[in-house]
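Reader: Please take me through this model by question and answer.

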Amino acid sequence: MQNILNSYFFKTHRLEISILIIALILFIIYFAGAPHVFTRFPIYRAFMQSMPFFGIIAISATFVVTLGEIDLSFPSIVGITSLTFGMVLSGTDGNFYIAFLLATSLGMFAGLINGLLVTKIGIPSIVATIGTLFFWRGLVNVVSQGSGIAIVDVAEDTWHHALFVEKIFNYIPAQFVWFVVLTALMQWIYRYHKFGNYIHFVGDNKASSQMMGINVDNVKIIAFVQLGFFSALAGIFTMYEMLYFWPTQGSGLMLTTLAAVFVGGTSVFGGKGTIFGTFIGVLIIGSLESGIIALGLSGFYVQFINGLMITSAVTIYALIQRKKN
Amino acid sequence: MKKSLLRLEKITKNFGNVKVLKEVNFEINTGEVVALIGDNGAGKSTLIKVITGVHRPNSGKILFKDKEVMIKSVSQSRKMGIETVYQERALCDQQELYRNIFAGREITNIFGFINIKKQRKEAEKILRDYIGFTSKAITVDSPVYGLSGGEKQGVAFGRSLYFDSDLIILDEPTMGLSIQETEKVLNFIRGLKDQNKSAIFIDHNIVHVYGAADRFVILDRGEIVGQFRKEEISRDDLVKKMIELHESGKIEVEA
(Lines give C-alpha, C1' and ligand atoms only; values in the text may rest on other atoms or scores of the structure.)
Protein backbone atom coordinates (compact mmCIF):
# COMPACT_ATOMS: atom_id res chain seq x y z
CA MET A 1 0.00 0.00 0.00
CA GLN A 2 2.79 2.36 0.99
CA ASN A 3 4.49 1.59 -2.30
CA ILE A 4 1.41 2.50 -4.26
CA LEU A 5 1.01 5.77 -2.36
CA ASN A 6 4.60 6.72 -3.09
CA SER A 7 4.57 5.65 -6.70
CA TYR A 8 5.23 8.20 -9.40
CA PHE A 9 1.84 7.71 -10.97
CA PHE A 10 0.02 8.34 -7.72
CA LYS A 11 2.04 11.46 -6.95
CA THR A 12 1.45 13.02 -10.31
CA HIS A 13 -2.22 12.07 -10.50
CA ARG A 14 -3.46 12.96 -7.03
CA LEU A 15 -6.21 15.18 -8.40
CA GLU A 16 -7.47 12.59 -10.85
CA ILE A 17 -7.46 9.87 -8.22
CA SER A 18 -9.29 12.05 -5.68
CA ILE A 19 -12.03 12.94 -8.12
CA LEU A 20 -12.41 9.31 -9.15
CA ILE A 21 -12.82 8.29 -5.51
CA ILE A 22 -15.44 11.00 -4.95
CA ALA A 23 -17.36 9.77 -7.99
CA LEU A 24 -17.13 6.16 -6.86
CA ILE A 25 -18.45 7.01 -3.39
CA LEU A 26 -21.31 8.91 -4.98
CA PHE A 27 -22.27 5.99 -7.21
CA ILE A 28 -22.00 3.55 -4.29
CA ILE A 29 -24.51 5.73 -2.46
CA TYR A 30 -26.76 5.68 -5.52
CA PHE A 31 -26.53 1.88 -5.70
CA ALA A 32 -27.12 1.35 -2.02
CA GLY A 33 -29.98 3.81 -1.83
CA ALA A 34 -31.79 3.05 -5.07
CA PRO A 35 -30.73 -0.35 -6.38
CA HIS A 36 -33.94 -0.74 -8.38
CA VAL A 37 -32.93 2.30 -10.45
CA PHE A 38 -29.18 1.95 -10.64
CA THR A 39 -28.97 -1.72 -11.54
CA ARG A 40 -30.98 -1.10 -14.68
CA PHE A 41 -29.94 0.47 -17.94
CA PRO A 42 -32.43 3.32 -18.52
CA ILE A 43 -30.91 5.67 -15.95
CA TYR A 44 -27.54 5.38 -17.67
CA ARG A 45 -29.11 6.00 -21.03
CA ALA A 46 -30.68 9.13 -19.59
CA PHE A 47 -27.27 10.24 -18.28
CA MET A 48 -25.61 9.59 -21.61
CA GLN A 49 -28.34 11.53 -23.31
CA SER A 50 -28.21 14.66 -21.17
CA MET A 51 -24.59 14.98 -20.00
CA PRO A 52 -22.92 15.74 -23.36
CA PHE A 53 -24.77 19.05 -23.78
CA PHE A 54 -22.91 20.72 -20.98
CA GLY A 55 -20.08 18.19 -20.88
CA ILE A 56 -18.68 19.27 -24.25
CA ILE A 57 -18.58 22.87 -23.06
CA ALA A 58 -17.03 21.91 -19.73
CA ILE A 59 -14.17 20.09 -21.47
CA SER A 60 -13.55 23.10 -23.68
CA ALA A 61 -13.89 25.57 -20.79
CA THR A 62 -11.15 23.67 -18.92
CA PHE A 63 -8.69 25.26 -21.37
CA VAL A 64 -9.89 28.76 -20.51
CA VAL A 65 -9.88 28.08 -16.76
CA THR A 66 -6.36 26.63 -16.94
CA LEU A 67 -5.32 29.97 -18.43
CA GLY A 68 -6.52 31.60 -15.23
CA GLU A 69 -9.41 33.15 -17.16
CA ILE A 70 -13.13 32.55 -17.06
CA ASP A 71 -15.89 32.74 -19.66
CA LEU A 72 -19.42 33.41 -18.45
CA SER A 73 -20.82 34.19 -21.87
CA PHE A 74 -21.04 30.65 -23.26
CA PRO A 75 -24.72 30.14 -22.28
CA SER A 76 -25.64 33.05 -24.53
CA ILE A 77 -23.27 31.87 -27.27
CA VAL A 78 -25.20 28.59 -27.16
CA GLY A 79 -28.38 30.67 -27.51
CA ILE A 80 -27.33 32.79 -30.47
CA THR A 81 -25.72 29.92 -32.35
CA SER A 82 -28.75 27.65 -31.78
CA LEU A 83 -30.99 30.40 -33.09
CA THR A 84 -28.77 30.79 -36.14
CA PHE A 85 -28.71 27.05 -36.71
CA GLY A 86 -32.49 26.80 -36.39
CA MET A 87 -33.20 29.75 -38.66
CA VAL A 88 -30.77 28.67 -41.37
CA LEU A 89 -31.78 25.01 -41.26
CA SER A 90 -35.48 25.78 -41.61
CA GLY A 91 -34.81 28.69 -44.00
CA THR A 92 -32.75 26.53 -46.39
CA ASP A 93 -35.12 23.60 -46.14
CA GLY A 94 -32.67 21.49 -44.23
CA ASN A 95 -29.25 22.42 -45.63
CA PHE A 96 -27.09 21.05 -42.83
CA TYR A 97 -23.76 22.25 -44.20
CA ILE A 98 -24.67 25.91 -44.39
CA ALA A 99 -26.44 25.85 -41.02
CA PHE A 100 -23.50 24.10 -39.34
CA LEU A 101 -20.94 26.39 -40.94
CA LEU A 102 -22.78 29.59 -40.03
CA ALA A 103 -23.57 28.54 -36.46
CA THR A 104 -20.04 27.42 -35.64
CA SER A 105 -18.50 30.45 -37.36
CA LEU A 106 -20.70 32.73 -35.30
CA GLY A 107 -19.66 30.82 -32.17
CA MET A 108 -16.00 31.33 -33.02
CA PHE A 109 -16.63 34.98 -33.81
CA ALA A 110 -18.25 35.45 -30.38
CA GLY A 111 -15.23 33.75 -28.82
CA LEU A 112 -12.93 36.02 -30.81
CA ILE A 113 -14.70 39.08 -29.41
CA ASN A 114 -14.24 37.77 -25.87
CA GLY A 115 -10.59 37.09 -26.59
CA LEU A 116 -9.97 40.54 -28.05
CA LEU A 117 -11.72 42.29 -25.17
CA VAL A 118 -9.57 40.40 -22.69
CA THR A 119 -6.19 40.68 -24.44
CA LYS A 120 -6.19 43.79 -26.61
CA ILE A 121 -8.48 46.01 -24.55
CA GLY A 122 -7.39 44.54 -21.25
CA ILE A 123 -10.75 43.92 -19.59
CA PRO A 124 -10.68 41.17 -16.95
CA SER A 125 -12.39 38.13 -18.47
CA ILE A 126 -15.04 37.88 -15.76
CA VAL A 127 -16.20 41.41 -16.57
CA ALA A 128 -15.87 41.22 -20.34
CA THR A 129 -17.85 37.99 -20.56
CA ILE A 130 -20.65 39.25 -18.31
CA GLY A 131 -21.01 41.97 -20.92
CA THR A 132 -21.10 39.55 -23.84
CA LEU A 133 -23.39 37.21 -21.86
CA PHE A 134 -26.04 39.92 -21.85
CA PHE A 135 -25.24 41.09 -25.34
CA TRP A 136 -25.75 37.75 -27.12
CA ARG A 137 -28.82 36.82 -25.07
CA GLY A 138 -30.24 40.24 -25.79
CA LEU A 139 -29.64 39.72 -29.49
CA VAL A 140 -31.39 36.35 -29.31
CA ASN A 141 -34.45 38.03 -27.81
CA VAL A 142 -34.46 40.85 -30.35
CA VAL A 143 -34.12 38.54 -33.34
CA SER A 144 -36.46 35.79 -32.15
CA GLN A 145 -38.95 38.24 -30.65
CA GLY A 146 -39.42 35.72 -27.88
CA SER A 147 -40.78 32.93 -30.03
CA GLY A 148 -39.30 29.52 -30.74
CA ILE A 149 -38.39 27.77 -33.97
CA ALA A 150 -39.39 24.21 -34.77
CA ILE A 151 -36.96 22.19 -36.89
CA VAL A 152 -38.91 18.93 -36.75
CA ASP A 153 -39.84 19.09 -40.43
CA VAL A 154 -36.31 19.69 -41.69
CA ALA A 155 -34.29 17.66 -39.20
CA GLU A 156 -36.20 14.57 -38.20
CA ASP A 157 -35.20 11.36 -39.94
CA THR A 158 -32.22 12.97 -41.67
CA TRP A 159 -28.68 11.60 -41.76
CA HIS A 160 -27.41 14.58 -39.77
CA HIS A 161 -29.97 13.99 -37.05
CA ALA A 162 -28.77 10.41 -36.86
CA LEU A 163 -25.15 11.55 -36.80
CA PHE A 164 -25.70 13.80 -33.81
CA VAL A 165 -28.27 12.19 -31.52
CA GLU A 166 -29.55 8.84 -32.78
CA LYS A 167 -29.24 5.88 -30.41
CA ILE A 168 -26.64 3.43 -31.60
CA PHE A 169 -28.11 -0.13 -31.49
CA ASN A 170 -31.00 1.49 -29.68
CA TYR A 171 -28.84 1.87 -26.60
CA ILE A 172 -26.03 4.39 -26.78
CA PRO A 173 -26.98 7.97 -27.68
CA ALA A 174 -24.68 9.24 -30.42
CA GLN A 175 -24.02 12.46 -28.53
CA PHE A 176 -22.36 10.47 -25.76
CA VAL A 177 -20.01 8.80 -28.23
CA TRP A 178 -19.15 12.25 -29.58
CA PHE A 179 -18.60 13.51 -26.06
CA VAL A 180 -16.17 10.69 -25.26
CA VAL A 181 -14.30 11.09 -28.56
CA LEU A 182 -14.02 14.87 -28.11
CA THR A 183 -12.86 14.45 -24.53
CA ALA A 184 -10.10 12.09 -25.67
CA LEU A 185 -9.09 14.47 -28.44
CA MET A 186 -9.05 17.49 -26.13
CA GLN A 187 -7.12 15.55 -23.49
CA TRP A 188 -4.53 14.76 -26.13
CA ILE A 189 -4.24 18.39 -27.13
CA TYR A 190 -4.21 19.54 -23.52
CA ARG A 191 -1.28 17.33 -22.55
CA TYR A 192 0.67 16.71 -25.71
CA HIS A 193 0.09 19.53 -28.16
CA LYS A 194 2.12 22.72 -28.23
CA PHE A 195 -1.09 24.68 -27.69
CA GLY A 196 -1.99 22.73 -24.54
CA ASN A 197 1.53 23.33 -23.30
CA TYR A 198 1.19 27.09 -23.88
CA ILE A 199 -2.15 27.09 -22.06
CA HIS A 200 -0.41 25.69 -18.98
CA PHE A 201 2.53 28.09 -19.18
CA VAL A 202 0.46 31.23 -19.70
CA GLY A 203 -1.90 30.23 -16.89
CA ASP A 204 1.05 29.55 -14.64
CA ASN A 205 3.04 32.73 -15.23
CA LYS A 206 2.22 35.20 -17.94
CA ALA A 207 5.44 37.24 -17.71
CA SER A 208 7.71 34.21 -17.81
CA SER A 209 5.79 32.77 -20.75
CA GLN A 210 6.30 36.00 -22.65
CA MET A 211 10.02 35.91 -21.96
CA MET A 212 10.17 32.35 -23.22
CA GLY A 213 8.76 33.51 -26.51
CA ILE A 214 5.14 32.42 -26.11
CA ASN A 215 2.63 34.77 -27.70
CA VAL A 216 0.39 35.18 -24.66
CA ASP A 217 -2.36 37.15 -26.40
CA ASN A 218 -2.74 34.65 -29.23
CA VAL A 219 -2.92 31.72 -26.83
CA LYS A 220 -5.73 33.42 -24.91
CA ILE A 221 -7.63 34.42 -28.03
CA ILE A 222 -7.48 30.88 -29.46
CA ALA A 223 -8.71 29.51 -26.11
CA PHE A 224 -11.78 31.76 -26.21
CA VAL A 225 -12.39 30.99 -29.88
CA GLN A 226 -12.38 27.22 -29.32
CA LEU A 227 -14.83 27.67 -26.44
CA GLY A 228 -17.06 29.64 -28.79
CA PHE A 229 -16.86 26.79 -31.31
CA PHE A 230 -17.74 24.11 -28.77
CA SER A 231 -20.57 26.22 -27.35
CA ALA A 232 -22.03 26.33 -30.86
CA LEU A 233 -21.53 22.59 -31.21
CA ALA A 234 -23.33 21.98 -27.90
CA GLY A 235 -26.13 24.22 -29.15
CA ILE A 236 -26.44 22.15 -32.33
CA PHE A 237 -26.57 18.91 -30.33
CA THR A 238 -29.34 20.37 -28.20
CA MET A 239 -31.26 21.45 -31.30
CA TYR A 240 -31.19 17.92 -32.74
CA GLU A 241 -32.23 16.41 -29.43
CA MET A 242 -35.15 18.79 -28.89
CA LEU A 243 -35.93 19.58 -32.54
CA TYR A 244 -36.93 22.96 -31.28
CA PHE A 245 -35.29 26.29 -30.49
CA TRP A 246 -36.49 28.33 -27.59
CA PRO A 247 -35.10 31.78 -26.70
CA THR A 248 -33.74 30.82 -23.28
CA GLN A 249 -31.81 27.90 -24.72
CA GLY A 250 -28.44 27.49 -23.00
CA SER A 251 -29.13 29.81 -20.11
CA GLY A 252 -29.34 26.98 -17.60
CA LEU A 253 -25.87 25.71 -18.50
CA MET A 254 -23.68 28.21 -16.70
CA LEU A 255 -23.49 26.80 -13.20
CA THR A 256 -23.50 23.10 -14.01
CA THR A 257 -20.76 23.55 -16.59
CA LEU A 258 -18.42 25.59 -14.43
CA ALA A 259 -19.18 23.37 -11.42
CA ALA A 260 -18.08 20.34 -13.45
CA VAL A 261 -14.76 22.04 -14.26
CA PHE A 262 -14.05 23.00 -10.67
CA VAL A 263 -15.30 19.75 -9.13
CA GLY A 264 -13.04 18.07 -11.67
CA GLY A 265 -10.01 19.62 -10.02
CA THR A 266 -8.87 22.33 -12.41
CA SER A 267 -7.35 25.20 -10.46
CA VAL A 268 -9.08 28.55 -10.65
CA PHE A 269 -5.63 30.14 -10.27
CA GLY A 270 -4.50 28.69 -13.58
CA GLY A 271 -1.52 26.65 -14.65
CA LYS A 272 -2.85 23.30 -13.57
CA GLY A 273 -5.86 21.29 -14.61
CA THR A 274 -7.15 18.01 -15.86
CA ILE A 275 -9.48 17.11 -18.71
CA PHE A 276 -10.07 13.67 -17.23
CA GLY A 277 -11.12 15.39 -13.98
CA THR A 278 -13.61 17.56 -15.86
CA PHE A 279 -15.02 14.43 -17.52
CA ILE A 280 -15.60 12.83 -14.10
CA GLY A 281 -16.90 16.19 -12.86
CA VAL A 282 -19.52 16.05 -15.62
CA LEU A 283 -20.53 12.54 -14.52
CA ILE A 284 -20.91 13.77 -10.94
CA ILE A 285 -22.76 17.02 -11.59
CA GLY A 286 -24.83 15.47 -14.38
CA SER A 287 -25.99 12.56 -12.23
CA LEU A 288 -26.83 14.47 -9.06
CA GLU A 289 -30.34 15.55 -9.90
CA SER A 290 -31.65 12.16 -11.02
CA GLY A 291 -29.59 10.46 -8.34
CA ILE A 292 -31.10 12.49 -5.57
CA ILE A 293 -34.63 11.95 -6.83
CA ALA A 294 -33.98 8.22 -7.24
CA LEU A 295 -32.76 8.07 -3.65
CA GLY A 296 -36.21 9.24 -2.65
CA LEU A 297 -35.25 12.73 -1.57
CA SER A 298 -37.39 15.59 -2.78
CA GLY A 299 -36.20 17.88 -5.55
CA PHE A 300 -35.56 20.55 -2.96
CA TYR A 301 -32.37 18.74 -2.00
CA VAL A 302 -30.80 19.03 -5.42
CA GLN A 303 -29.20 22.44 -5.03
CA PHE A 304 -28.24 21.74 -1.46
CA ILE A 305 -26.35 18.56 -2.31
CA ASN A 306 -24.88 20.17 -5.39
CA GLY A 307 -23.46 22.87 -3.17
CA LEU A 308 -22.15 20.31 -0.72
CA MET A 309 -20.39 18.40 -3.51
CA ILE A 310 -18.77 21.46 -5.01
CA THR A 311 -17.62 22.90 -1.72
CA SER A 312 -16.17 19.65 -0.42
CA ALA A 313 -14.43 18.84 -3.70
CA VAL A 314 -12.69 22.20 -3.98
CA THR A 315 -11.77 22.03 -0.28
CA ILE A 316 -10.01 18.70 -0.86
CA TYR A 317 -8.08 20.16 -3.80
CA ALA A 318 -7.08 23.23 -1.84
CA LEU A 319 -5.75 20.98 0.93
CA ILE A 320 -3.80 18.83 -1.55
CA GLN A 321 -2.34 22.00 -3.03
CA ARG A 322 -1.37 23.35 0.38
CA LYS A 323 0.36 20.12 1.28
CA LYS A 324 2.42 20.37 -1.89
CA ASN A 325 3.63 23.86 -1.11
CA MET B 1 40.82 42.84 -34.45
CA LYS B 2 37.65 41.74 -32.71
CA LYS B 3 34.52 41.25 -34.72
CA SER B 4 31.48 43.27 -33.81
CA LEU B 5 28.64 40.96 -32.81
CA LEU B 6 25.89 43.36 -31.85
CA ARG B 7 25.65 47.11 -32.19
CA LEU B 8 22.83 49.36 -31.02
CA GLU B 9 22.65 52.86 -32.44
CA LYS B 10 20.63 55.63 -30.84
CA ILE B 11 18.08 53.32 -29.28
CA THR B 12 15.16 55.13 -27.68
CA LYS B 13 12.37 53.47 -25.72
CA ASN B 14 9.43 55.23 -24.10
CA PHE B 15 6.74 53.81 -21.88
CA GLY B 16 4.00 56.38 -22.22
CA ASN B 17 5.67 59.68 -21.33
CA VAL B 18 8.56 58.08 -19.52
CA LYS B 19 11.79 57.99 -21.50
CA VAL B 20 13.42 54.80 -20.30
CA LEU B 21 16.19 54.73 -22.91
CA LYS B 22 17.53 57.93 -24.48
CA GLU B 23 19.58 57.43 -27.66
CA VAL B 24 21.67 54.62 -26.27
CA ASN B 25 24.71 53.47 -28.27
CA PHE B 26 26.02 50.08 -27.28
CA GLU B 27 28.33 47.54 -28.82
CA ILE B 28 29.61 44.08 -28.00
CA ASN B 29 32.23 42.01 -29.84
CA THR B 30 32.56 38.29 -30.31
CA GLY B 31 34.08 36.62 -27.27
CA GLU B 32 33.58 39.64 -25.06
CA VAL B 33 31.87 39.85 -21.67
CA VAL B 34 30.26 43.21 -20.97
CA ALA B 35 28.74 44.19 -17.66
CA LEU B 36 25.84 46.64 -17.54
CA ILE B 37 25.78 48.48 -14.27
CA GLY B 38 23.64 51.22 -12.82
CA ASP B 39 20.96 51.94 -10.28
CA ASN B 40 17.50 50.47 -10.26
CA GLY B 41 15.47 52.14 -12.95
CA ALA B 42 18.52 53.08 -14.98
CA GLY B 43 17.14 51.18 -17.96
CA LYS B 44 19.34 48.08 -17.84
CA SER B 45 16.53 45.56 -18.03
CA THR B 46 14.74 47.53 -20.71
CA LEU B 47 17.92 47.64 -22.79
CA ILE B 48 18.30 43.88 -22.73
CA LYS B 49 14.61 43.37 -23.40
CA VAL B 50 15.05 45.43 -26.55
CA ILE B 51 17.91 43.13 -27.55
CA THR B 52 15.90 39.98 -26.87
CA GLY B 53 12.78 41.15 -28.66
CA VAL B 54 10.49 41.50 -25.63
CA HIS B 55 10.26 45.26 -26.26
CA ARG B 56 10.45 47.10 -29.58
CA PRO B 57 12.47 50.33 -29.52
CA ASN B 58 10.69 53.56 -30.52
CA SER B 59 13.64 54.56 -32.64
CA GLY B 60 17.21 53.57 -33.38
CA LYS B 61 19.03 50.85 -35.25
CA ILE B 62 20.17 47.37 -34.29
CA LEU B 63 23.01 45.67 -36.15
CA PHE B 64 23.73 41.99 -35.59
CA LYS B 65 26.92 40.66 -37.20
CA ASP B 66 27.08 43.95 -39.13
CA LYS B 67 23.64 43.49 -40.65
CA GLU B 68 20.74 45.71 -39.72
CA VAL B 69 17.96 43.71 -38.08
CA MET B 70 14.55 44.27 -36.58
CA ILE B 71 14.08 42.07 -33.53
CA LYS B 72 10.36 41.60 -33.34
CA SER B 73 10.00 38.68 -30.97
CA VAL B 74 11.77 36.46 -28.51
CA SER B 75 11.69 33.55 -30.91
CA GLN B 76 13.36 35.68 -33.54
CA SER B 77 16.21 36.73 -31.26
CA ARG B 78 16.64 33.09 -30.27
CA LYS B 79 16.88 32.06 -33.89
CA MET B 80 19.59 34.68 -34.40
CA GLY B 81 21.54 33.12 -31.54
CA ILE B 82 20.68 35.33 -28.58
CA GLU B 83 19.83 33.48 -25.38
CA THR B 84 18.65 35.12 -22.20
CA VAL B 85 18.79 34.11 -18.57
CA TYR B 86 16.32 36.44 -16.94
CA GLN B 87 16.30 37.90 -13.47
CA GLU B 88 12.96 36.23 -12.92
CA ARG B 89 14.58 33.12 -14.42
CA ALA B 90 11.64 32.78 -16.78
CA LEU B 91 10.48 29.43 -15.49
CA CYS B 92 6.91 28.42 -14.76
CA ASP B 93 6.61 26.96 -11.29
CA GLN B 94 3.97 24.31 -11.66
CA GLN B 95 5.22 22.85 -14.92
CA GLU B 96 7.73 20.03 -15.21
CA LEU B 97 11.40 20.73 -15.90
CA TYR B 98 11.39 19.06 -19.30
CA ARG B 99 8.52 21.29 -20.38
CA ASN B 100 10.20 24.40 -18.98
CA ILE B 101 13.48 23.74 -20.75
CA PHE B 102 11.74 23.54 -24.12
CA ALA B 103 9.03 26.13 -23.52
CA GLY B 104 8.40 28.19 -26.62
CA ARG B 105 10.44 25.82 -28.83
CA GLU B 106 9.03 22.40 -28.20
CA ILE B 107 10.24 19.42 -30.15
CA THR B 108 7.12 18.60 -32.16
CA ASN B 109 5.91 16.73 -35.20
CA ILE B 110 4.40 18.63 -38.10
CA PHE B 111 0.99 18.72 -36.42
CA GLY B 112 2.42 20.42 -33.36
CA PHE B 113 2.26 17.43 -31.04
CA ILE B 114 5.17 17.33 -28.64
CA ASN B 115 7.64 14.48 -28.75
CA ILE B 116 7.58 13.93 -25.00
CA LYS B 117 10.04 11.06 -25.11
CA LYS B 118 12.68 13.04 -26.96
CA GLN B 119 12.12 16.17 -24.90
CA ARG B 120 12.55 14.23 -21.67
CA LYS B 121 15.68 12.55 -22.98
CA GLU B 122 17.27 15.83 -24.06
CA ALA B 123 16.25 17.48 -20.79
CA GLU B 124 17.95 14.66 -18.92
CA LYS B 125 21.10 15.30 -20.92
CA ILE B 126 20.94 18.99 -20.03
CA LEU B 127 20.47 18.29 -16.33
CA ARG B 128 23.38 15.86 -16.32
CA ASP B 129 25.92 17.36 -18.72
CA TYR B 130 25.33 21.10 -18.62
CA ILE B 131 24.11 21.64 -15.10
CA GLY B 132 25.60 18.70 -13.26
CA PHE B 133 22.51 17.77 -11.28
CA THR B 134 23.19 14.45 -9.70
CA SER B 135 20.59 14.56 -6.96
CA LYS B 136 17.98 11.86 -7.30
CA ALA B 137 15.35 14.20 -5.91
CA ILE B 138 15.35 16.32 -9.06
CA THR B 139 14.27 14.64 -12.26
CA VAL B 140 13.05 15.99 -15.57
CA ASP B 141 9.51 15.41 -14.30
CA SER B 142 9.94 17.57 -11.20
CA PRO B 143 7.96 20.76 -11.22
CA VAL B 144 10.05 23.89 -10.81
CA TYR B 145 8.63 25.00 -7.46
CA GLY B 146 10.65 22.44 -5.52
CA LEU B 147 14.00 23.80 -6.72
CA SER B 148 16.31 26.17 -4.84
CA GLY B 149 17.29 29.54 -6.35
CA GLY B 150 20.64 28.15 -7.44
CA GLU B 151 19.05 25.13 -9.04
CA LYS B 152 16.59 27.30 -10.95
CA GLN B 153 19.49 29.39 -12.16
CA GLY B 154 21.25 26.22 -13.19
CA VAL B 155 18.27 25.18 -15.29
CA ALA B 156 18.16 28.59 -16.95
CA PHE B 157 21.91 28.38 -17.74
CA GLY B 158 21.69 24.85 -18.97
CA ARG B 159 18.92 25.88 -21.29
CA SER B 160 20.96 28.76 -22.72
CA LEU B 161 23.99 26.55 -23.34
CA TYR B 162 22.04 23.73 -24.92
CA PHE B 163 20.60 25.94 -27.61
CA ASP B 164 23.87 26.87 -29.24
CA SER B 165 24.05 30.65 -29.10
CA ASP B 166 26.50 33.47 -29.87
CA LEU B 167 25.31 35.90 -27.23
CA ILE B 168 24.09 35.05 -23.75
CA ILE B 169 22.38 37.73 -21.74
CA LEU B 170 22.26 37.37 -17.98
CA ASP B 171 19.97 39.57 -15.93
CA GLU B 172 21.17 39.64 -12.31
CA PRO B 173 22.39 36.06 -12.45
CA THR B 174 23.70 36.03 -8.88
CA MET B 175 20.69 37.55 -7.20
CA GLY B 176 19.50 35.53 -4.25
CA LEU B 177 22.24 32.92 -4.53
CA SER B 178 24.58 31.58 -1.87
CA ILE B 179 28.32 32.38 -2.08
CA GLN B 180 29.07 28.95 -3.50
CA GLU B 181 26.36 29.18 -6.07
CA THR B 182 27.53 32.67 -7.02
CA GLU B 183 31.04 31.40 -7.61
CA LYS B 184 29.66 28.75 -9.94
CA VAL B 185 27.78 31.37 -11.90
CA LEU B 186 30.85 33.61 -12.27
CA ASN B 187 32.91 30.64 -13.43
CA PHE B 188 30.23 29.88 -15.94
CA ILE B 189 30.42 33.43 -17.31
CA ARG B 190 34.22 33.31 -17.55
CA GLY B 191 33.94 29.96 -19.30
CA LEU B 192 31.81 31.45 -22.07
CA LYS B 193 34.83 33.35 -23.45
CA ASP B 194 36.72 30.13 -24.02
CA GLN B 195 33.89 28.98 -26.27
CA ASN B 196 34.11 32.30 -28.12
CA LYS B 197 30.66 33.25 -26.95
CA SER B 198 29.77 36.76 -25.88
CA ALA B 199 27.82 37.73 -22.81
CA ILE B 200 26.10 40.80 -21.43
CA PHE B 201 25.38 40.68 -17.77
CA ILE B 202 23.67 42.87 -15.27
CA ASP B 203 24.65 42.78 -11.64
CA HIS B 204 24.55 45.11 -8.69
CA ASN B 205 27.59 43.68 -7.04
CA ILE B 206 30.72 45.44 -8.39
CA VAL B 207 32.96 42.70 -7.00
CA HIS B 208 31.12 40.09 -9.07
CA VAL B 209 31.10 42.33 -12.09
CA TYR B 210 34.77 43.16 -11.89
CA GLY B 211 35.75 39.55 -11.56
CA ALA B 212 33.91 38.36 -14.64
CA ALA B 213 33.63 41.14 -17.23
CA ASP B 214 36.03 42.64 -19.79
CA ARG B 215 34.23 45.93 -20.05
CA PHE B 216 31.84 47.93 -17.90
CA VAL B 217 29.05 50.08 -19.22
CA ILE B 218 27.37 52.40 -16.76
CA LEU B 219 23.76 53.35 -17.35
CA ASP B 220 21.99 56.16 -15.55
CA ARG B 221 18.42 57.25 -16.18
CA GLY B 222 18.34 55.86 -19.68
CA GLU B 223 21.74 57.12 -20.77
CA ILE B 224 25.18 55.59 -20.95
CA VAL B 225 27.29 57.76 -18.66
CA GLY B 226 30.52 55.83 -18.62
CA GLN B 227 32.39 53.00 -20.32
CA PHE B 228 35.62 51.40 -19.12
CA ARG B 229 37.75 48.50 -20.19
CA LYS B 230 39.02 46.38 -17.37
CA GLU B 231 42.64 47.45 -18.00
CA GLU B 232 41.67 51.12 -17.78
CA ILE B 233 40.22 51.07 -14.32
CA SER B 234 40.91 49.38 -11.02
CA ARG B 235 38.17 47.78 -9.01
CA ASP B 236 38.39 50.45 -6.36
CA ASP B 237 38.10 53.23 -8.93
CA LEU B 238 35.06 51.56 -10.43
CA VAL B 239 33.46 51.41 -7.01
CA LYS B 240 34.33 55.09 -6.51
CA LYS B 241 32.75 56.00 -9.83
CA MET B 242 29.57 54.22 -8.84
CA ILE B 243 29.46 55.99 -5.49
CA GLU B 244 30.04 59.35 -7.18
CA LEU B 245 27.23 58.57 -9.57
CA HIS B 246 24.98 57.61 -6.74
CA GLU B 247 25.70 60.81 -4.82
CA SER B 248 25.73 63.41 -7.57
CA GLY B 249 23.37 61.70 -9.90
CA LYS B 250 25.95 62.22 -12.63
CA ILE B 251 29.51 61.38 -13.59
CA GLU B 252 31.64 62.76 -16.37
CA VAL B 253 31.24 61.00 -19.67
CA GLU B 254 34.31 59.23 -20.99
CA ALA B 255 35.30 59.94 -24.53
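Reader: In what order do the 4 strands of the open sheet in chain B stand?

Author: This is a predicted model: local features need pLDDT of at least 70, side-chain atom pairs count only at pLDDT 80 or more, and totals for chains, interfaces and linings use all residues. Residues are numbered from 1 along each chain as its sequence is written, while chains are lettered from A and ligands numbered from 1 in the order in which they are written. Strands are DSSP runs (E, at least two residues; helices are H or I, at least four), numbered from the N terminus, and two strands pair if DSSP finds at least two bridges between them. In chain B the pairing is antiparallel, and the order is 2-1-4-5.

Reader: Which strands of chain B stand at the edges, and why is one side of each left without a neighbour in the sheet?

Author: Each edge strand has a single partner strand, so one side lacks a neighbour in the sheet. In chain B these are strand 2 (18–29) and strand 5 (67–69).

Reader: Which residue in strand 5 of chain B is the bridge partner of Leu63(B)?

Author: Strand 4 (residues 59–64) and strand 5 of chain B pair in the antiparallel sense over 3 bridges. Within strand 5 of chain B, the partner of Leu63(B) is Glu68(B).

Reader: What distance separates the centres of domain 1 and domain 2 of chain B?

Author: The domain assignment, automatic or from a database, gives chain B domain 1 (1–81 + 165–179 + 197–255) and domain 2 (91–164). Taken over C-alpha atoms, their centres are separated by 28 Å.
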